[in-house]
Amino acid sequence: MTATVAQAESAPATTTPSSARKRWTVAEVEALFALPFNDLIFRAQKVHRAHFDPNAVQRSTLLSIKTGGCSEDCGYCSQSARYDTGLEKESLLPLNEVLDNARAAKAKGASRFCMGAAWRGPKEKDLAPVLDMVREVKAMGLETCVTLGMLKEGQAEQLKEAGLDYYNHNIDTAPEFYGQIITTHTLQDRLDTLAKVRDAGINVCCGGIVGLGETKKSRAALIAELANMNPPPDSVPINNLVQVEGTPLGKAETIDPFDFVRMIAAARITMPESHVRLSAGRQELGEGIQALCFMAGANSIFYGERLLTTDNPDADADDALFARLGLKSV
Ligand code: SAM
Ligand code: DTB
Ligand code: SF4
């Protein structure tokens with residue numbers, strides 16, 4: 001190990017003032033993608049060690065609290081009412097069922113519980129029961145996260161007041177490609193909600209999804225858009241498309257798994273202080289590629305056998321993988 005890496009490894013995490021933060025151009029992120037794989041991973045690993053314990057991975061468990069019937073037309077999503085995906089629509093889960101799931105997630109070793117609803121955004125009558133869920137899950141000693149779609153004035157403050165730690169709201173893909181995947185809302189709508197979340201003092205969880213037929217340049221543009229947020233998101237989920245039959249992207253061409261690792265590395269290098277989450281699509285990536293993602297700087301996963309409507313690796317399989325890799329969960 002070189003002196004530089006050894007020093008970086010023991011360096012405490014610091015927060016870069018916004019004035020000192022670098023702005024990333026799309027061309028610079030493309031240049032990262034173009035590096036020889038080993039050089040890119042080495043660079044990402046150095047950045048990772050300078051800011052985080054390289055063997056610590058945060059684990060969040062997801063629960064779909066309101067499934068299907070969504071008005072939006074996101075081309076990848078099983079839950080859009082516009083596509084026949086065979087998914088059974090469900091109304092909002094009762095509080096006790098949510099709490100049972102949260103308790104089980106905590107017992108299994110998750111540190112954060114993320115509740116997702118297939119809404120364009122919550123109506124006032126929808127929000128009240130979700131606030132109860134947030135309060136009670138928080139009281140269990142878990143970090144709380146919700147993803148409810150676009151927020152109206154005042155809703156972020158109510159969520160904060162209930163004890164919400166994180167709000168997940170992805171920008172999903174590059175600005176120039178967004179309209180080819182989603183037409184029922186705009187990227188600007190998403191950015192407006194993210195501003196409300198940040199202004200209310202809630203941590204931002206914001207990332208994207210690859211495997212939608214986007215170009216490498218669009219992938220670079222997604223990373224640059226995230227990295228240039230001021231400040232960058234606290235948590236950055238990178239999803240690999242889970243192909244859902246019946247959606248417009250059910251038969252999209254899968255991306256080269258090494259390019260997925262490159263996305264993780266680029267997220268790590270451009271957002272050194274953010275948690276980068278290896279998100280949907282882990283099942284399909286296999287253990288070897290996941291290990292490369294951890295080496296490239298991923299330090300968070302979704303944990304538990306279900307994502308929202310699709311499968312994720314079993315918790316026991318993840319525990320075994322962590323043991324084989326000497327990873328600890330935090
Ligand atoms: N309705 C809310 C919203 O759109 O923000 C919350 C739920 S939505 C399912 C959350 C995120 O999951 C999306 O932004 C997308 O990045 C990801 N996602 C949805 N379907 C996916 C799929 N089939 N494969 C991978 N990621 C997916
Ligand atoms: C995120 O970026 N990925 C999660 C979470 N945020 C809400 C959702 C993944 C969904 C995968 C497809 C499904 O299970 O429906
Ligand atoms: Fe609705 Fe969210 Fe799915 Fe889009 S990604 S269709 S907003 S649930």
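User: Hey, where is the place of Cys70?
Analyst: This is a predicted model, and in it Cys70 lies in the loop that runs between β1 (56–66) and α4 (95–108).
User: Is Cys70 buried or exposed?
Analyst: Cys70 is buried, because its relative accessible area is 10% and the cut-off for buried is under 20%.
User: OK, which residues does Cys70 touch?
Analyst: Leaving out residues up to four places away in sequence, Cys70 touches Gln79, Ser80 and Ala81, plus Ala118, Trp119 and Arg120.
User: What separates the C-alpha atoms of Cys70 and Lys196?
Analyst: Those C-alpha atoms are separated by 22 Å, and the two residues are 126 apart along the chain.
User: Switching topic. Where is Ser279 found?
Analyst: Ser279 sits in the loop between β8 (275–278) and α11 (282–295). Ser279 counts as buried, with 0% relative accessibility.
User: Which residues is Ser279 in contact with?
Analyst: Setting aside neighbours within four places in sequence, Ser279 is in contact with Pro237, Ile238, Asn239 and Phe302. A polar atom of the Ser279 side chain also lies 2.9 Å from the backbone oxygen of Arg277.
User: Now helices. At what angle do α2 and α9 pack?
Analyst: Helix α2 (residues 26–34) and helix α9 (residues 216–227) pack at about 115°, and their axes are 8 Å apart. The crossing is right-handed.
User: Which residues make the contact?
Analyst: From α2, Val26, Val29, Glu30 and Phe33 take part; from α9, Lys216, Lys217, Arg219, Ala220, Ala221, Ile223 and Ala224 do.
User: And what's that contact like by class?
Analyst: Between α2 and α9 there are seven nonpolar residues, four charged ones and no polar ones.

Key. Residues are numbered from 1 along each chain as its sequence is written. Chains are lettered from A and ligands numbered from 1 in the order in which they are written. This is a predicted model: local features need pLDDT of at least 70, side-chain atom pairs count only at pLDDT 80 or more; totals for chains, interfaces and linings use all residues. Side-chain values use heavy atoms; hydrogens and water are left out. Axes are lines fitted to C-alpha atoms, for helices over the stretch in contact, and angles run from 0 to 180 degrees between N-to-C directions. Helices (H or I, at least four residues) and strands (E, at least two) are DSSP runs, numbered from the N terminus. A crossing is left-handed if the near helix is turned anticlockwise from the far one by less than a right angle, and right-handed if clockwise. Contact means heavy atoms within 4.5 Å. Ala, Val, Leu, Ile, Met, Phe, Trp, Tyr, Cys and Pro count as nonpolar, Asp, Glu, Lys and Arg as charged, and the others, Gly among them, as polar. Buried means under 20% relative accessible area, exposed over 50%, partly exposed in between (1.4 Å probe, protein chains only). A polar contact is a pair of N or O atoms within 3.5 Å; within protein, one must be able to donate a hydrogen and the other to accept it, and residues adjacent in sequence count only if both atoms are side-chain atoms.
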